[in-house]
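User: Please go through some of the assignments in this structure and say what each one rests on.

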Amino acid sequence: MAAFKTPLRFSDIDSVSKLGLLSLGLASGTLLVFISFNFINRFSGTKLILVAGDEKGESYIISKAIEEVVERKSNIQIDVVATGGTKENLEKLEKGEADLATAQTDVITEEINTIRNRNPQLSEPNLQVAERTVVVLYKDLFQLVVRDPNIKKFVQLRGKTIALPAKGGQYESFKQVAKHFGLSEKDLKITGLDSNGKPNPAYNDGLADKDFLDKKADALFRVRALGNRSISTLVQESSGRLVPIEQAEAMKILHPALESATIPEGAYGGNLPIPETDIPTVAVSRLLLASNKVDQDVIQEITQIIFENRREIANVVDTNHPEVKPLVATISQPDTTNSPGIPPIHPGAIAFYEQSQPSFIQEHADYVALLLTVALLISSWLRQIKIWVESRKKNEADEYIESAIKLMNESIGDVVFRQQLLDEAFNAAAKALIQERISQESFRTFNEAYKTTREALEREAKFDQENIDKKQRELAAKYIKEIVELLNYDMQQKDLLQQKIDVILREVAQRLIADEISEESFRTFIEAYKTTRDAIDRN
């Protein structure tokens, strides 16, 4: 009967294996939690609150359109809330009561300073990064409408009643302009202030319009986009008239966010142009801000949806406000470098802008194409010049090779002369190589031809020398034979024989001098001469 196996217990495992299993379990658990969190977050969605100013304002209307498209394109839910304007929006963003906000650039700096004084417990770093820019929604224009035809300049509002809610960024902008022209709150009567001079929280743009239409106010001030329906009604259906707000560049000294702008002739009516001429005024950017606490990926997705679906956003704008639709097309990327009133861009928005920005090559395609064309032309010219130079080098090298080969021809001269010409050709080729008139490859080819020719000439010289030696030997043998044959003559004629061998000796010496007999053959002849002479003398 087989024995039962004892089950493996964790306590039986060695310490190293225990550590490995615990580490693996911890890693697996962490991964499971991470996946679960992302899964839940993905399907549960992110909920954000967007504070957007007055319900009749362009920023609120566009925000509602953005809300609808973002919720349609993602799992992000946005709740757009009406407020009293930029001032309240920034306060809610600072307190964490809102995640997104619309704001005027000229009010942002002043409001941050106010919040800093009101909340000294907030640290400086938190104040600096409390809100970040997502997009520039559009440009707001300062628009002043008056009833009295004698009011032609802002400064002439002294002592007049202004229909204006005493809250929000619009009111702050009005105070900036009034201060620039030397007007204080004592010089003006603001309908949005109660009898005690305090802001009436219930007073809004609608009540201001009514006061102007009921002739309870001499002027009405708005910070709104061009074509605003409320202003259009005031200047078309009542005695309202737009007045210039000049000196925008001067105001920019203390308020860098302000910009020069123009209300063009006929902006609110073309048949009888309203206004009748171009009117200078002041403009500020209307921003969409986000709290630094909102997740970077969420802001990146919102920014992407806004820029990739501007037409759809325009299509869902409230049909009662057709004048707002064109503003959607002006949504743009913030430029913090040239616009000092714009807070730093949110990291999520930066992530989108960096990935959507064209590469250097795409952005400068024309110049890159031109540079590539020029580079190609230069490369082609250099290639042609190189080919031409190499061709010249090859031609010169071919001349040296040809001259070396020709020296094999015996008709040019004797071997020594041709060897001398060959050496001169080698020296010329070597000099051309040093001066880079021929290439090393061409010189190596010439050197092969040089060696071949030289070997041929050396063989030819050796053959010629062998023929010469043979002739010299034959000639010497002839004279030796003549000397030896004298021994066959009658020895009684000793004097005659000696004369004959001396004649032969002189002739052989002349042959030696003429190089017709070699020295070796001459020495052999002398031996025969001495032997013959001694024989004659003995007899």
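**Assignments and their grounds**

Analyst: Phe426 sits in helix α16, residues 415-434. The model is a predicted one.

User: Why is Phe426 called partly exposed?

Analyst: Its relative accessible area is 25%. Buried means under 20% and exposed means over 50%, so Phe426 falls in between and is partly exposed.

User: Which residues does Phe426 touch, leaving aside neighbours within four places in sequence?

Analyst: Phe426 is in contact with Phe443, Phe446, Asn447 and Tyr450.

User: What makes α17 roughly parallel to α19?

Analyst: Helix α17 (residues 440-485) and helix α19 (residues 519-538) pack at about 5 degrees, their axes 9 Å apart. Angles under 35 degrees count as roughly parallel, so α17 is roughly parallel to α19. Residues making the contact include Tyr479 and Ile483 of α17 and Phe525 and Tyr529 of α19. By class, eight residues of the contact are nonpolar, four polar and one charged.

User: How do you know that the buried residues of α7 line one face of the helix?

Analyst: The buried residues of α7 (residues 205-213) are Asp205, Ala208, Asp209, Asp211 and Phe212. Seen down the axis of α7, they fall within an arc of 160 degrees, so they line one face. These buried residues pack against β4, β5, α6, β7 and α8.

User: What makes Asn204 a cap of α7, and at which end?

Analyst: A side-chain oxygen of Asn204 lies 3.1 Å from the backbone nitrogen of Gly206. A polar contact is a pair of N or O atoms within 3.5 Å, and the 3.1 Å pair caps the N-terminal end of α7. Just after α7, Lys215 has a positive phi of about 60 degrees.

Technical notes. Residues are numbered from 1 along each chain as its sequence is written. This is a predicted model: local features need pLDDT of at least 70, side-chain atom pairs count only at pLDDT 80 or more; totals for chains, interfaces and linings use all residues. Side-chain values use heavy atoms; hydrogens and water are left out. Axes are lines fitted to C-alpha atoms, for helices over the stretch in contact, and angles run from 0 to 180 degrees between N-to-C directions. Helices (H or I, at least four residues) and strands (E, at least two) are DSSP runs, numbered from the N terminus. Angles under 35 degrees count as roughly parallel, over 145 as roughly antiparallel, 65 to 115 as roughly perpendicular and the rest as oblique. Contact means heavy atoms within 4.5 Å. Ala, Val, Leu, Ile, Met, Phe, Trp, Tyr, Cys and Pro count as nonpolar, Asp, Glu, Lys and Arg as charged, and the others, Gly among them, as polar. Buried means under 20% relative accessible area, exposed over 50%, partly exposed in between (1.4 Å probe, protein chains only). The arc is that of the directions from the helix axis to the C-beta atoms. A polar contact is a pair of N or O atoms within 3.5 Å; within protein, one must be able to donate a hydrogen and the other to accept it, and residues adjacent in sequence count only if both atoms are side-chain atoms.
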